Amino acid sequence: MVNTYALKKTLSQLATPYFIFNLILSFLHPILRFTPGICNHFSDSCHLNFYEIEIYLFVVCVVAIKNRRCVNIESYLTTLFLFAKAGSTILFYKMNIQLTVWYCIINIVLMVVLRGPVLEESAEMKYFVDQTLPDTVKSDTDTIWVVEFYSTFSRTERSQTHLRALSREYTHEYMKFGKCDVLKSEGVAELYGINSSCFKTELPSIIVFEKGLPVIQ
């Protein structure tokens, strides 16, 4: 039986400018490619060629592999948006260079203007963005904080499951758990000596804070 409350809550979380505009941009290429009157300006036919089919299949396979252990719809869509827009950029380049430039500009503007949604906090887990983590651990020195650092590109399924289980069992007044998205918290990873580079990533990484200082990593 469908949980209507959970469904409405999920839909309300997705009905934001961030998800709506990213969804449009992710599927803008097939929209333009199959729309009569528009596709004729970029190609002699409104049908996909072999190269475009290859790119579509590649994106579908990558998204399916990356999301095979996805824990929520937000994470699934974030990965979908990333690879769908990358594939669209390649396909737009084959269609029209000016269209590609405008597509990239719109993506950059929206990335700056529209921030991704902050995950909903619970009694057992706090989500940190911006500079809230350093401020929190320094001001709350009586509490031991166990914080996982992660990003969209890091594989967090296993550590997330373990951390959630630990937080439910051990959270109390003097011990709390949290997660920090390094892509939304500029400089925080470097502050604690974590390499967040896409080429040599150390994510996910867990740090234990005691009296405002990292003691275990």
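Buried means under 20% relative accessible area, exposed over 50%, and partly exposed in between, taken with a 1.4 Å probe on protein chains only. This is a predicted model, in which local features need pLDDT of at least 70 and side-chain atom pairs count only at pLDDT 80 or more, while totals for chains, interfaces and linings use all residues. Residues are numbered from 1 along each chain as its sequence is written, and side-chain values use heavy atoms, with hydrogens and water left out.

**View 1. Proline 214 in strand E5.**
Proline 214 lies in strand E5; helices (H or I, at least four residues) and strands (E, at least two) are DSSP runs, numbered from the N terminus. With a relative accessibility of 41%, proline 214 counts as partly exposed. Not counting residues up to four places away in sequence, proline 214 touches Tyr192, Ile207, Val208 and Phe209, where contact means heavy atoms within 4.5 Å. Valine 146 is 68 residues from proline 214 along the chain, and their C-alpha atoms are separated by 9.5 Å.

**View 2. Overview of the protein chain.**
The secondary structure comes to 9 helices and 5 strands. Along the sequence the pattern is α-α-α-α-α-α-β-α-β-α-β-α-β-β. The protein chain has 217 residues, of which 35% count as buried. Among contacts with a separation of 6 or more, 65% are between residues 24 or more positions apart.

**View 3. The open sheet.**
The 5 strands form an open sheet in the order E1-E3-E2-E4-E5, with mixed pairing; two strands pair if DSSP finds at least two bridges between them. Strand E1 (126-128) and strand E5 (213-216) are at the edges with a single partner strand each, so one side of each has no neighbour in the sheet. From one strand to the next the twist averages 35 degrees. Strands of a sheet pair through backbone hydrogen bonds, either parallel or antiparallel.

**View 4. Strand E2 and its two partners.**
E2 pairs with strand E3 (residues 175-181) in the parallel sense over 7 bridges. E2 also pairs with E4, in the antiparallel sense over 5 bridges. Glutamate 148 stands opposite lysine 179 in E3 and opposite isoleucine 206 in E4. Tryptophan 145 has phenylalanine 209 of E4 opposite. Of the 7 residues of E2, 6 are buried, so E2 is largely enclosed by the rest of the structure.

**View 5. The hairpin of E4 and E5.**
E4 and E5 run antiparallel and are joined by 3 bridges. Valine 208 stands opposite isoleucine 216 in E5. The hairpin has 2 residues between the strands, and lysine 211 takes a positive phi near 55 degrees.

**View 6. The nonpolar cores.**
A nonpolar core is a set of buried Ala, Val, Leu, Ile, Met, Phe, Trp, Tyr and Cys residues joined through side-chain atoms within 4.5 Å. The largest has 15 residues, and those with the most contacts inside it are Leu133, Val147, Phe149, Cys180, Tyr192 and Phe209. At least two residues of this core come from each of helix H7 (132-139), strand E2 (144-150), helix H9 (188-191) and strand E4 (205-210). E2 gives the most, with 3 residues. A second, separate core has 12 residues, including Tyr18, Val59, Phe81 and Leu91.

**View 7. Helix H2 against helix H5.**
Two packed helices are described by the angle between their axes and the distance between the axes. Helix H2 (residues 17-26) and helix H5 (residues 73-95) pack at an angle of about 35 degrees, and their axes are 8 Å apart. Axes are lines fitted to C-alpha atoms, for helices over the stretch in contact, and angles run from 0 to 180 degrees between N-to-C directions. From H2, Tyr18, Phe19, Asn22, Leu23, Leu25 and Ser26 meet Glu74, Leu77, Thr78, Phe81, Ala84, Lys85 and Ser88 of H5. The residues of this contact divide into 7 nonpolar, 4 polar and 2 charged; Ala, Val, Leu, Ile, Met, Phe, Trp, Tyr, Cys and Pro count as nonpolar, Asp, Glu, Lys and Arg as charged, and the others, Gly among them, as polar.

**View 8. Tyrosine 56 in helix H4.**
Tyrosine 56 is placed in helix H4 (residues 50-66). Its relative accessible area is 23%, and tyrosine 56 is partly exposed. Leaving aside neighbours within four places in sequence, tyrosine 56 is in contact with His29, Pro30, Leu48 and Leu91. The C-alpha atoms of tyrosine 56 and serine 88 are separated by 8.9 Å, with the two residues 32 apart along the chain.
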